[in-house]
There are 2 protein chains.
Amino acid sequence: MTKPQIKPERLLADLQQLRRFGEYKSGVVRPALSPVDMEARRWLRERMLAASLDAHIDGVGNVIGYSGKQGPTLLMGSHTDTQPEGGWLDGAYGVICALEVCRALQECPETTQMSVDIASWSDEEHTFHGFLGSKSFLGLLEPDVIRTATNADGHSLEQALFDAGLNGVPHRYQPDRYIAYLEPHIEQGPRLELSNKRLGIVTGIVGCRDYDITFTGEANHAGSTPMELRKDAGMAMVDFIGQLNRRFQQLAGQFTVWTVGRIDYFPGAACVIPGQAIMRLQFRDTSQGQMNVLEQALRQLVDTFSSHSGFPVTVSRESITDAVTLDRQVQSCLQEAAEEHYPEQWQSLPSAAMHDANMFAPVMPTGMLFVPSIKGISHNLAEDTRESDLITGCQLAAYAAARIINEAT
Amino acid sequence: MTKPQIKPERLLADLQQLRRFGEYKSGVVRPALSPVDMEARRWLRERMLAASLDAHIDGVGNVIGYSGKQGPTLLMGSHTDTQPEGGWLDGAYGVICALEVCRALQECPETTQMSVDIASWSDEEHTFHGFLGSKSFLGLLEPDVIRTATNADGHSLEQALFDAGLNGVPHRYQPDRYIAYLEPHIEQGPRLELSNKRLGIVTGIVGCRDYDITFTGEANHAGSTPMELRKDAGMAMVDFIGQLNRRFQQLAGQFTVWTVGRIDYFPGAACVIPGQAIMRLQFRDTSQGQMNVLEQALRQLVDTFSSHSGFPVTVSRESITDAVTLDRQVQSCLQEAAEEHYPEQWQSLPSAAMHDANMFAPVMPTGMLFVPSIKGISHNLAEDTRESDLITGCQLAAYAAARIINEAT
């Protein structure tokens, strides 16, 4: 049996063409629904049409290319919007990879009748509302999001959709059409590079919980208040972070990470003892159980600290994303194809970042495939992946796509 | 010998009248050179004229009342401008206290020929430029301040002086006229109240040094960067603050205080490991030697931390105010008067806040007298002092003023 063969130069040329929309230094600035993002979407639709797909931009900006083929249909895709200053690959790689897989399957006699739809989901990066496009497509969008969401400048999603010419354009919603969703992506972390592998088969996506933890003391004159009379909320928080680190180090599993990404002191002046201090804590893990253990430890620490130190401390959970396990059968298809064509060059690993795949996993069998990120850098203008890895990843995706469809037939 | 006797009701009535200019809740909003501050200054000038002083508002807004008497002249005063939201007493107490001392000396046959000038210095609180008035009066104002200083809203000092009608009004500059400067003030700290004293004789004013300390790590994805590969500048800073606290606790003298009043993480997002963290450290002490010891310890800690942790750390000294020792002879006059009239009710102590007296101390014999602040609260709408303490402080100032002039005669 012949196998679908991707055309590396076509893959790379499309990636480079997409990069020009919003190109900035070595990266890309292409926030969702901005004029340049819409330009990129119209270009992508043209590329899909040229690949004989029935392509549409839907009412939230999703670009979806439907295959006209019969039989079980695989959905592949990712996103083409970027962070405020993003890398050139991120989601773009998955979208162009899907397009090339689609073309390669058509060009191979053995797979030419296989049905693959491809998509670029809108606003994965949360310019207005994270996962807007995949949520909308799956019927998971909360009813008032379009009316209420705004970007960091306070501009409304509703107006942005209107400005993008999407007013009155129907939303697409067809989750029942698919046997599976497959999302290729760059790793955005250093694990593949560190273990010297070229391909990552994703076992699951870490869950993530965010907390604001507020310490209340007493603001006072930084000169005339003796040390022994101070209720310095900032110093209390610094002590607490030390305790938190020691406790989480004891509890951490292989994939546990935690981050204090932001600290605010109030009033925040050189000459005033902080009366209030707020920290943003985030932790992630591949296991829901482990996330619960960490949250319980956090709350115990806060209770103990609060009662021993005399500083009132409050914890509010700001967001929660459950850990996701990806489909075992889709993983098997990826693993078998990898073992056949790239033995010793792949590994299984969890995704430490979230993806549109988070939305799909509860709805249909979902898989992800990673290529290495140089130095693990992502969400950064310096983000990059070796060309040979981009090509290998796409070729594996083509082999795996054929296997997935074959097994469903 | 009869002694000058203040009139408590006149002192309190003037304080209450001054309070009405910019009264806000239990405090006062009277920033330097604002319309309401200028109204208060014109009212004060009238009160000085009524006390037979030759009173002027000078080109930076100082209100100065000159005595027409012969012989050695004592200068007394403080400031009537406030913080953005200030207490009703702060500098206002010292100004009205000086006015009442002046009147009391005139009304007492034994002291009626004594010469006391009084003043309200402009912008002690740094609306445009801290100590503007006292610096100008002493010829210490840097040449480009009036042209370049602005307030927090970006309005220029030059325009504010013009709007206040002070354009072309001469600046007063007469430091050679005086035998001494005496500034009564509220303590703005809790020490008198804690030791149950009603009068504080100030030995010196603490020095103050401010530093920005910058930790450089590597910003990265808070999900996909394993703990062992992180260079988290925020966590490094938290560790450092713990070390700093332990070291400074070892070195601290009776009057040492230190404060981390502000922390900034960059980029400061929940999902990004801080690549840079900056803390503002301030410490104060009564002794220059001790300040040098603290600075040396800080720099050693930074060097050691930097070389052991692998995080580059830089220290920049943002401001420095030398500790000031107040005049021993002026202190003696205050102490003798206190011991005679209020034995057991006074103590010597340093000032932990800065005052116009900081400007005067290097130029002429300078003394300060404190009355207690309830709960040590100041720079706050809740600032207050018991009426009986306001009266006692003013009476002691009158006794001491007579002694100071007497000794110089």
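Pro267(A) sits in the loop that joins β11 (257-266) to β12 (272-273) of chain A. In this predicted model, the peptide bond leading from Phe266(A) to Pro267(A) is cis, with omega near 5 degrees. Chain B has a cis bond from Phe266(B) to Pro267(B), again with omega near 5 degrees, and Pro267(B) is located in the loop between β11 and β12 of chain B. A further backbone feature concerns Ser52(A), whose phi is near 65 degrees, a positive value in a residue other than glycine. Ser52(A) belongs to the loop between α2 (35-50) and β3 (54-57) of chain A. Most peptide bonds are trans, and most residues other than glycine have a negative phi.

The relation between the two chains comes next. Chain B is superposed on chain A by a rotation of 179 degrees with a shift of 0.3 Å along the axis, at an RMSD of 0.5 Å. This is the relation of a two-fold axis. Within chain B, Val238(B) has the C-alpha nearest the axis, at 3.0 Å from it. The same surface serves both copies, since 100% of the contact residues of chain B recur in chain A.

How much area do chain B and chain A bury between them? The value is about 3,700 Å², of which 61% is on carbon and sulfur atoms. On the side of chain B, the residues that lose the most area to chain A are His221(B), Met235(B) and Ala270(B), which together account for 14% of what that side buries. In terms of contacts, 44 residues of chain B meet 44 residues of chain A. The count of salt bridges between chain B and chain A is zero, whereas eight residue pairs are in polar contact across this interface, both residues of each being at pLDDT 80 or more.

Several elements of chain B give two or more residues to the side that touches chain A, among them α7 (191-194), α8 (233-251), β11 (257-266) and β13 (276-285). β11(B) gives the most to that side, with eight residues. By class, the side of chain B that touches chain A has 22 nonpolar, 16 polar and six charged residues.

Within chain A, the domain assignment gives domain 1 (8-206 + 324-408) and domain 2 (207-321). The C-alpha centres of these two domains of chain A lie 36 Å apart, and the contact takes eight residues from domain 1 of chain A and eight residues from domain 2 of chain A. Between them, domain 1 and domain 2 of chain A bury about 650 Å², 66% of it on carbon and sulfur atoms. Across this interface of chain A there are zero salt bridges and one residue pair in polar contact, with both residues at pLDDT 80 or more. The side of domain 1 of chain A that touches domain 2 of chain A has six nonpolar, one polar and one charged residues.

Conventions:
Residues numbered from 1 in each chain as written. Chains lettered and ligands numbered in written order. Predicted model: local features only at pLDDT ≥ 70, side-chain atom pairs only at ≥ 80, totals over all residues. Heavy atoms only, no water. Least-squares fit on C-alpha atoms with pLDDT ≥ 70 in both. Contact = heavy atoms within 4.5 Å. Buried area = accessible area lost by both parts, 1.4 Å probe. Salt bridge = Lys/Arg side-chain N within 4 Å of Asp/Glu carboxyl O. Polar contact = N/O pair within 3.5 Å; in protein donor to acceptor, adjacent residues only side chain to side chain. Helix = DSSP H or I, 4+ residues; strand = E, 2+ residues; numbered from the N terminus. Nonpolar A, V, L, I, M, F, W, Y, C, P; charged D, E, K, R; others polar. Domains from an automatic or database assignment.
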